[in-house]
Amino acid sequence: MMTADSVVPDPRGFRTLVANGCYRAALDLAGKFLSANGQGLDRRGLAGALHTHKTLQVWMCRVALLVKLHLHGTAQAELEAFGDFDRPDLYFEFHADIYPEHTGSLVPFSLRLLHAELPQHSGGHHESLDRLYNLLHACRKIESSLDMSLSEDSSNIQLSATEPSAAQTLWRSRSVQVTYAIANCLVGL
């Protein structure tokens with residue numbers, strides 16, 4: 001049986017644990033990574049902890065593992081510390097010294113989707129539907145901006161000829177993904 005200590009503490013080790021079905025060990029490794037980055041279980045989502053795209057990806061993996069292991073209450077408790085993912089420290093602009101060329105949210109879309117779907121696992125279908133419809137609205141708003149040749153945040157930043165098309169495809173697929181999640185939640189009512 002593999003443990004978090006039996007692999008290299010990096011993404012490759014994490015993938016090895018998941019690929020071998022060692023989900024609790026992967027969960028432990030994610031916790032160790034977050035603790036080593038000032039975001040351990042005692043500091044989850046707290047303002048003052050340095051959020052990076054890497055730590056938020058690990059949070060997404062951790063929450064996905066908690067859902068996989070049917071630890072929905074724990075997953076909800078860990079995500080509560082992030083609120084609605086709209087705090088200033090969850091944006092690239094807050095960390096301009098680290099990400100000088102980036103704007104927008106550090107929070108992965110998949111973490112937002114997990115956050116929206118999570119309440120339905122504990123009987124909170126209506127809360128999930130509210131979150132999912134809010135997420136769908138955000139996706140469609142970004143699609144609309146891109147359709148008008150604006151950037152995702154509706155600014156007049158010039159995009160290359162291929163950027164709008166790639167971004168449009170991405171956001172349309174995200175809208176479809178959220179729509180499927182809404183349908184799944186409605187089926188569960």
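Me: What covers the buried residues of α3?

Reply: This is a predicted model. In it, the cover over the buried residues of α3 includes α1 (11-19), α2 (23-36), α4 (72-80) and α5.

Me: Which residues of α3 are buried?

Reply: A residue counts as buried when its relative accessible area is under 20%. In α3 the buried residues are T55, L56, V58, W59, M60, R62, V63, L65, L66 and V67.

Me: How many residues does α3 have, and how far does the helix reach?

Reply: Helix α3 covers residues 53-68, which is 16 residues. From its first C-alpha to its last it reaches 22 Å, close to the 22 Å expected at 1.5 Å a residue. After α3 comes H70, whose phi is positive, near 60 degrees.

Me: Now the whole chain. How many helices and strands are there?

Reply: The chain has seven helices and zero strands. Along the sequence the pattern reads α-α-α-α-α-α-α. Of the 189 residues in the chain, 41% are buried.

Me: What share of the contacts join residues at least 24 apart?

Reply: Take the contacts between residues at least 6 apart in sequence; 53% of these join residues at least 24 apart.

Me: Where is V107, and is this residue buried or exposed?

Reply: V107 sits in the loop between α4 and α5. Its relative accessible area is 6%, so V107 is buried. Leaving out residues up to four places away in sequence, V107 touches L56, F85, L90 and R112. V107 and L56 are 51 residues apart along the chain, and their C-alpha atoms are separated by 6.2 Å.

Me: E93 is in a loop too. What is the relative accessible area of E93?

Reply: E93 lies in the loop between α4 and α5. The value for E93 is 42%, so the residue is partly exposed. Apart from neighbours within four places in sequence, E93 is in contact with H102, T103 and G104.

Me: How are two packed helices described?

Reply: Two packed helices are described by the angle between their axes and the distance between the axes. Here, take helix α5 (residues 109-117) and helix α6 (residues 125-147): they pack at an angle of about 150 degrees, with axes 7 Å apart. That angle makes α5 roughly antiparallel to α6, because angles over 145 degrees count as roughly antiparallel.

Me: Which residues make the contact?

Reply: From α5 the contact uses F109, R112, L113, H115, A116 and E117. From α6 it uses S128, R131, L132, L135 and C139. By type, the residues of this contact divide into six nonpolar, two polar and three charged.

Me: One more residue of α6: is H125 buried or exposed?

Reply: H125 is found in helix α6. With a relative accessible area of 14%, H125 is buried. Not counting residues up to four places away in sequence, H125 touches Q120, C185, G188 and L189.

How values were computed
Residues numbered from 1 in each chain as written. Predicted model: local features only at pLDDT ≥ 70, side-chain atom pairs only at ≥ 80, totals over all residues. Heavy atoms only, no water. Axes fitted to C-alpha atoms, helices over the stretch in contact; angles between N-to-C directions. Helix = DSSP H or I, 4+ residues; strand = E, 2+ residues; numbered from the N terminus. Parallel < 35°, antiparallel > 145°, perpendicular 65-115°, else oblique. Contact = heavy atoms within 4.5 Å. Nonpolar A, V, L, I, M, F, W, Y, C, P; charged D, E, K, R; others polar. Expected span 1.5 Å × (residues − 1). Buried < 20%, exposed > 50% of the residue type's maximum accessible area, 1.4 Å probe, protein only.
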